[in-house]
Amino acid sequence: MQALSEVNLSTQLRNAMNDLAFDKLTPIQEKSYPVILSGEDVVGIAQTGTGKTFAYLLPILKELKFSNQVNPRVLVLVPTRELVVQIVEQVKLLTKYMSTRVLGVYGGTNIKTQAQEVGQGADIIIATPGRLYDLVLSRALQLKAISKLVIDEVDVMLDLGFRFQLKNIFELLPARRQNIMFSATMTNEVDLLIQDYFDAPTQISIAVSGTPLENIEQSCYSVVNFNTKTNLLAHLLHGTEEYEKVLVFIANKKSADVLFEFLENEFGSRVGIIHSNKTQNYRLRSIEDFENGTTRILVATDVIARGLDIEAISHVINFDVPQYPENYMHRIGRTGRAEQAGKTILFYTEKELTRKESIEALMELQIPMMDLPAEVEISAVLTAEERPHIKEKYGNHKLAQTSEPGTSFHEKKEKNKRTNLGGAYKREITSKYKKAQHKRGNKGGKKR
Ligand code: CDP
Ligand code: MG
């Protein structure tokens, strides 16, 4: 790692880094800095939590001259709203001694307010693609002055779903611009896309895509079904090991709700939940509560698998095996950040075994297996989608009407809920699973 004193930073940036008590650049920061300053297109690959955000922010901020023009000159695109909020905060920390105007725009918030803010002028816009495009269409925002485009988490951003939105945005950007892309994972498919979209970018990689961090201790349990997984989770969390700050990933919103209610019964108010059906205020509060320790356990879908830098998560528990092996890397990368130690545990059923094997193939290592503790009760009760498939009786219309989890659903006792997941709930969760599986190429779902 390069000492900060050896880096050709401005005094303002150096002072801001000093205030953060950072006296060294991380390897990806050190390597990216001169290349980004040179103006070349760049693709940077480095593991989770190794400082990719400052790797692009430092050289960009070093170059950015004071201006009071309305149209932004730097655009940073990210896949989720929470990531917008986080990166805005990081820009603010770094520009403490500069008069840089940074603005975050993202969906789920009032677009009129955001349009007004954009109208006041900004140097840097951090955005999710959908909202950015809406603001441009409504003429609240012009992109003609953008000279630097950053795409953070580029592999997921170039996946289906986002790709169309990005293409629309690319068409509105000046042709002469610097493209800067970062991620912890890269796929061959994305490589090809980068060749098509960008001008022979320089690749900077610290580790081959899919290299796991050594400071994250991994383990896994073979578990027969969903309800046994909940029993195991409760057993671990009640156990003697210090589960100080635990992030539990689960595949979809419905299962997240079920698991959340189960954990709330077990652990009371120190459990939080986040998924894309929650309001934006709720989502941000869930993160905040988890960050500041109000909650100890956070149940989450992959909506927060990417990019979020939450301090001192002790454990990441994968309640199920993600469909795409890269997502496992991102999920577990919420712990073990900035060289801290972290632990991760994966629960998998027989059905999920091949997915686990793909993850192991990507990492080129076997995840150590643990024996199911004898105290964990093995449940014979299957959930709706674990039971043999039953032909759907109703069409989509009916499904739409019953898909909102009403109060009666929430008021049910946990015991009933887990043994009686028939009817509307069953149809819904079955159809959700099907939908997710057909969305090839979209690792995290579109609604971000
Ligand atoms: O994007 P990536 O997953 O690589 O990591 P990040 O979100 O940029 O987080 C890196 C963490 O390391 C943050 O908590 C930073 O405050 C911290 N850090 C850094 O970025 N640069 C340093 N030179 C020292 C620490
Ligand atoms: Mg990042």
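## Basis of the model

The model is predicted, so local features are given for pLDDT of at least 70 and side-chain atom pairs for pLDDT 80 or more, while totals for chains, interfaces and linings use all residues. Residues are numbered from 1 along each chain as its sequence is written, chains are lettered from A and ligands numbered from 1 in the order in which they are written, and side-chain values use heavy atoms, with hydrogens and water left out.

## Overall fold

The chain has 18 helices and 16 strands. Both are DSSP runs numbered from the N terminus, with helices being H or I over at least four residues and strands being E over at least two. Of the 448 residues in the chain, 55% are buried; buried means under 20% relative accessible area, exposed means over 50%, and partly exposed is in between, with a 1.4 Å probe and protein chains only.

Contact means heavy atoms within 4.5 Å. Among contacts in the chain with a separation of 6 or more, 78% are between residues 24 or more positions apart. The accessible surface of the chain is about 20,400 Å², and carbon and sulfur atoms contribute 49% of that surface. Areas come from the Shrake-Rupley method with a 1.4 Å probe, and for residues only the protein chains shown count as cover.

## Ligand 1 site

The shell of ligand 1 consists of 14 residues, of which Lys24, Gly49, Lys52, Thr53 and Asp309 are the closest. A residue is counted here if one of its heavy atoms lies within 4 Å of the ligand. By class, the shell holds eight polar, four charged and two nonpolar residues. In this scheme Ala, Val, Leu, Ile, Met, Phe, Trp, Tyr, Cys and Pro are nonpolar, Asp, Glu, Lys and Arg are charged, and the others, Gly among them, are polar. Domain 1 (4-205) and domain 2 (216-370) each supply at least three residues to the shell; the domain bounds come from an automatic or database domain assignment.

Polar contacts are pairs of N or O atoms within 3.5 Å; within protein, one atom must be able to donate a hydrogen and the other to accept it, and residues adjacent in sequence count only if both atoms are side-chain atoms. A polar side-chain atom of aspartate 309 is 2.5 Å from an oxygen atom of ligand 1. For glutamine 29, a polar side-chain atom is 2.9 Å from a nitrogen atom of the ligand. Glycine 51 takes part through a polar backbone atom, 3.1 Å from an oxygen atom of ligand 1. On its own the ligand has 540 Å² of accessible area, and the protein covers 87% of it.

## Buried positions

Valine 105 is in strand β5 (residues 102-105). Its relative accessibility is 0%, so valine 105 counts as buried. Leaving out residues up to four places away in sequence, valine 105 touches Val84, Gln114, Val118, Ile125, Ile126, Ala127, Thr128, Arg131, Leu132 and Leu135.

The side chain of serine 286 reaches the backbone oxygen of isoleucine 273 at 2.7 Å. Beyond four places in sequence, serine 286 is in contact with Ile273, Ile274 and Leu298.

Arginine 296 and arginine 270 are 26 residues apart in sequence, with their C-alpha atoms 5.4 Å apart. Arg270 is also one of the contacts of arginine 296 beyond four places in sequence, along with Leu237, Tyr243, Glu244, Lys245, Val246, Phe267 and Phe290.

## Exposed loops and positive phi

Most residues other than glycine have a negative phi. Alanine 200 has a positive phi near 30°. This alanine is in the loop between α9 (188-197) and β9 (202-205) and is exposed, with a relative accessible area of 67%.

Glutamate 339 also has a positive phi, about 70°. Glutamate 339 is in the loop between α13 (325-332) and β15 (342-348), and is exposed at 62% relative accessible area.
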